[in-house]
Amino acid sequence: MTEPYDLITMGRIGVDIYPLQTGVPLARVETFGKFLGGSATNVAVAAARLGRRTAVISRTGRDPFGDYLHQALREFGVDDRWVTPVDAYPTPVTFCEIFPPDDFPLYFYRRPKAPDLVIRPEELDQDAIRAARVFWITGTGLCEEPSRSATLAALAARAKSGTTVFDLDWRPMFWGGEGGASKDGGASGAAAMATARPYYEAALAHATVAVGNIDEAEVATGLRDPRACAEALLAMGVELAVIKQGPKGVLAVHRDGRTAEVPPTPVEVVNGLGAGDSFGGSLCHGLLNGWDLERMMRHANAAGAIVASRLACSSAMPTAAEVDSFLAEW
């Protein structure tokens, strides 16, 4: 086998179709840009931009958009060997509206089923997964079969070797939320969260790091206080819990008692959608470097802020030099 990857991510991939005009509803947008997208994929891109050797496990449709995603991955230096086609379903696309500073509605076109939810356990390269220095999975990967079984099989095969990150990545519409199957409306939906929680608990038992915002942490823990969420995640098996608090910054709590609470990095927001993925790529970079918690969180905050100040997601991911320059000025 070749030398282990610094990072392998597993999860969503698709085409982001983003307006080239801000403050305009989709019905009135006239021009769009096409970008590589999907949270797990963006994390791999973000880490690659920081100099890491990365790969993605995912699936596309057998169509021109799928061809585009392979091309984009290679251009970003991300290994695409485990991104395979599915004949039955089209490559998903995602539209957004851009209303800075904090309103970026997303519209997912992933029906009847997204190919990245057709990752099968028997197709996994378990040796490569075990060998990776960091392995990253997402909550969305647990929402449907066979991706759910494949994600849990990958975690079991890895058996907490190296660093295993669970991105809590709560997308309620994939679990019947927002008034769908949950029948209770709201931004998340209690019934949708109740459906997801057992699978989140199963994944956390295999993870060493959990990262997410308050809404995402609530899915796993049933709690909303940041410190209580972090402590609950530690009790569920992880060694490090990272809770993103938006305008209140980020809280990191380690099982050994170390903590760091870092304020947000001020920036003029253009599109906040890729900031969390940039944060994730930087988090992996910091974990691989063995940085202390505060340095890790400051770097991740800065990487996220840089992307929030730009239009796109994948193509907006900063290099190490850009993050260092940003931090030097902050």
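Predicted model: local features only at pLDDT ≥ 70, side-chain atom pairs only at ≥ 80, totals over all residues.
Visitor: Which residue is the bridge partner of D16 in β6?
Guide: Strand β2 covers residues 14-19 and strand β6 covers residues 93-96, and the two pair in the parallel sense over three bridges. Within this pairing, I17 has F95 as its bridge partner in β6. For D16, the bridge partner in β6 is T94.

Visitor: In which sense do β6 and β7 run, parallel or antiparallel?
Guide: Strands of a sheet pair through backbone hydrogen bonds, and they may do so in either of two senses. Here four bridges join β6 to β7, and V93 has Y109 as its bridge partner in β7. The sense in which β6 and β7 run is antiparallel.

Visitor: Which strands stand at the edges of this open sheet?
Guide: The open sheet has four strands in the order β3-β2-β6-β7, and its pairing is mixed. A strand at the edge has a single partner, so one of its sides is left without a neighbour in the sheet. The strands standing there are β3 (32-37) and β7 (106-109).

Visitor: By what angle are neighbouring strands of this sheet turned against each other on average?
Guide: We keep to the sheet with the order β3-β2-β6-β7, and for this average the direction of the strands is ignored.

Visitor: How many residues of helix α1 are buried?
Guide: A residue is called buried when its relative accessible area is under 20%, and helix α1, which spans residues 39-49, is mostly covered. Among its buried residues are S39, T41, N42 and several others such as V43 and A48. Out of the 11 residues in α1, the number buried is 10.

Visitor: Is S58 buried or exposed?
Guide: S58 is found in strand β4, which runs over residues 54-61, and residues that S58 touches include R12, W82, D116 and I119. A polar atom of the S58 side chain also lies 2.6 Å from the backbone oxygen of G11. Because its relative accessibility is 1%, S58 counts as buried.

Visitor: Why does R133 not count as buried, and what does it count as?
Guide: R133 has its place in the loop between α3 (126-131) and β8 (134-138), where it touches residues including Y5, D6, R158 and L288. Buried would require a value under 20%, while exposed would require one over 50%. Because the relative accessibility of R133 is 38%, it counts as partly exposed.

Visitor: What kind of aromatic pair do the rings of Y5 and W82 form?
Guide: By the rule for ring centres, the model has 10 aromatic pairs. The rings of Y5 and W82 have centres 5.5 Å apart and planes at 65°, and since planes over 60 degrees apart are needed for this class, the pair is edge-to-face. The pair links distant parts of the chain, with Y5 in the segment before β1 and W82 in strand β5, 77 residues apart. Both Y5 and W82 are buried, and the kind of pair they form is edge-to-face.

Visitor: How many residues apart in sequence are the parts tied together by W170 and Y200?
Guide: The rings of W170 and Y200 have their centres 6.4 Å apart and their planes at 75°, so this pair is edge-to-face. W170 is buried with a relative accessible area of 8%, and Y200 is buried with 0%. Because W170 lies in the loop between β9 and α5 while Y200 lies in helix α5, the separation in sequence is 30 residues.

Visitor: Over the ring of which residue does the charged end of R148 sit?
Guide: One aromatic cluster is formed by F166, W170, W175, Y199 and Y200. The charged end of R148 sits 3.9 Å from the centre of a ring in Y199.

Terms used:
Residues numbered from 1 in each chain as written. Heavy atoms only, no water. Buried < 20%, exposed > 50% of the residue type's maximum accessible area, 1.4 Å probe, protein only. Polar contact = N/O pair within 3.5 Å; in protein donor to acceptor, adjacent residues only side chain to side chain. Contact = heavy atoms within 4.5 Å. Phe/Tyr/Trp six-rings, centres within 6.5 Å; stacked < 30°, edge-to-face > 60°. Lys NZ or Arg CZ within 6 Å of the ring centre and 35° of its normal. Pairing = 2+ DSSP bridges. Axes fitted to C-alpha atoms, helices over the stretch in contact; angles between N-to-C directions. Lists of a residue's contacts leave out its neighbours within four places in sequence.
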